[in-house]
Amino acid sequence: MQSVLHLVSGDESEQETTLTIAKNLLEDESGDIDDVAVVAQAGGIEAITSDGGFTEEVESLAENGASFKACANTLEMEGIDESELLGNAETVPEGAVEVTRLENEGYAYMRP
Amino acid sequence: MQSVLHLVSGDESEQETTLTIAKNLLEDESGDIDDVAVVAQAGGIEAITSDGGFTEEVESLAENGASFKACANTLEMEGIDESELLGNAETVPEGAVEVTRLENEGYAYMRP
Amino acid sequence: MQSVLHLVSGDESEQETTLTIAKNLLEDESGDIDDVAVVAQAGGIEAITSDGGFTEEVESLAENGASFKACANTLEMEGIDESELLGNAETVPEGAVEVTRLENEGYAYMRP
């Protein structure tokens with residue numbers, strides 16, 4: 001099974017919950033979770049930059065197999081350069097299109 | 001691909017993000033997004049009335065092909081008349097049933 | 001059709017909306033909703049304990065057929081004992097894995 005987490009909120013507590021849930025999915029002992037993707041956009045984008053306060057968490061998630069995708073529309077609107085992204089984040093043209101694509105591929109959506 | 005956005009929050013910033021994402025989905029250059037539905041209920045209903053502060057955005061989205069659906073249970077609870085709805089919104093008996101139906105038809109769910 | 005509600009927010013108003021939506025799904029007159037599951041985790045867990053202020057609502061939902069699932073990771077982190085859970089809640093190892101499983105079984109996800 002595959003899970004996609006929508007990191008879309010600017011609320012720090014919701015961002016923290018999202019990253020904790022990503023960790024719990026990766027560490028799940030049932031062995032049923034094959035992939036965890038995190039799509040960051042809108043207010044959620046800062047959480048995967050060094051200004052977000054979650055540098056250690058994001059890097060550790062990426063090392064443990066989570067894939068981060070950052071919305072280029074948001075990066076442009078917020079004036080954030082790709083180089084500021086953590087967790088080896090890949091840039092996608094629009095986060096919501098990427099979420100739609102992943103759901104169509106069978107990923108289960110969550111927005112903590 | 002089809003996307004359904006759940007406009008369920010009373011938070012104005014989350015409402016704005018939802019409408020911005022609807023716009024980005026409609027304008028997506030990949031051409032992979034065939035339909036964008038917005039289901040408004042609970043605290044999110046006001047965003048598609050003239051009191052919500054998003055009149056221009058909602059009308060423009062409707063003109064560009066987004067379909068708005070308003071929860072009749074919420075309208076009744078909030079004392080809002082159908083005539084106050086923007087964006088040619090169609091009324092559905094219960095928003096969450098409509099979301100369930102759309103997801104069953106293959107729409108990808110997002111709740112920004 | 002089947003619906004899964006993610007009770008993940010610590011915001012009392014969002015918790016109330018989630019429980020109201022569960023009620024509306026159960027009472028839907030179309031007869032199209034066969035099951036309503038509520039997965040509680042993170043900030044949402046308190047809403048299904050006696051400290052959450054929704055005792056009557058949760059018990060009534062359970063009596064009317066909603067199934068509550070509580071995340072064991074959250075219970076441990078928050079120091080909440082299973083005995084404090086309302087609504088005949090079943091404990092699952094990780095709420096997000098349960099949501100992923102339910103979505104894979106065809107449940108439509110909502111996060112009010």
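What follows is a conversation about how some labels on this predicted model were reached.

Colleague: What are the ground rules for the numbering and for the model?

Modeller: Residues are numbered from 1 along each chain as its sequence is written, and chains are lettered from A and ligands numbered from 1 in the order in which they are written. This is a predicted model in which local features need pLDDT of at least 70 and side-chain atom pairs count only at pLDDT 80 or more, while totals for chains, interfaces and linings use all residues; side-chain values use heavy atoms, with hydrogens and water left out.

Colleague: Why is A:Cys71 called buried?

Modeller: Buried means under 20% relative accessible area, exposed over 50%, and partly exposed in between, with a 1.4 Å probe and protein chains only. A:Cys71 has a relative accessible area of 0%, so A:Cys71 is buried. C:Cys71 is also at 0%, and therefore counts as buried.

Colleague: How many disulfides are there over all chains?

Modeller: The count over all chains is zero. The rule asks for a pair of cysteine sulfur atoms within 2.5 Å.

Colleague: What makes A:Ile48 buried or exposed?

Modeller: A:Ile48 has 0% relative accessibility, so A:Ile48 counts as buried. A:Ile48 sits in the loop between β2 (35–40) and α2 (55–63) of chain A; helices (H or I, at least four residues) and strands (E, at least two) are DSSP runs, numbered from the N terminus.

Colleague: Which residues does A:Ile48 touch, not counting residues up to four places away in sequence?

Modeller: Contact means heavy atoms within 4.5 Å. With residues up to four places away in sequence left out, the partners of A:Ile48 include A:Leu7, A:Val58, A:Phe68 and A:Ala89. A:Ile48 and A:Ala89 are 41 residues apart in sequence, and their C-alpha atoms are 8.2 Å apart in space.

Colleague: How do you know that the copies meet through different surfaces?

Modeller: Only 17% of the interface residues of chain B are also interface residues in chain A, so the copies meet through different surfaces. For chain C against chain A the figure is 18%, which again means different surfaces.

Colleague: What is the volume of the largest cavity, and which helix gives the most to its lining?

Modeller: The largest cavity has a volume of about 30 Å³. α1(A) gives the most to its lining, with three residues.

Colleague: And what is the volume of the largest pocket?

Modeller: The largest pocket has a volume of about 860 Å³. Of its 39 lining residues, those closest to its centre are B:Met77, C:Thr17, C:Thr20, C:Ile21 and C:Asn24. α1(C) gives the most to this lining, with 10 residues.

Conventions: 1 Å grid on protein atoms, 1.4 Å probe; cavity = no way out; pocket = protein on both sides within 12 Å on 5 of 7 lines; lining within 4 Å. Points joined across faces, edges and corners; volume = space filled by probe spheres on them.
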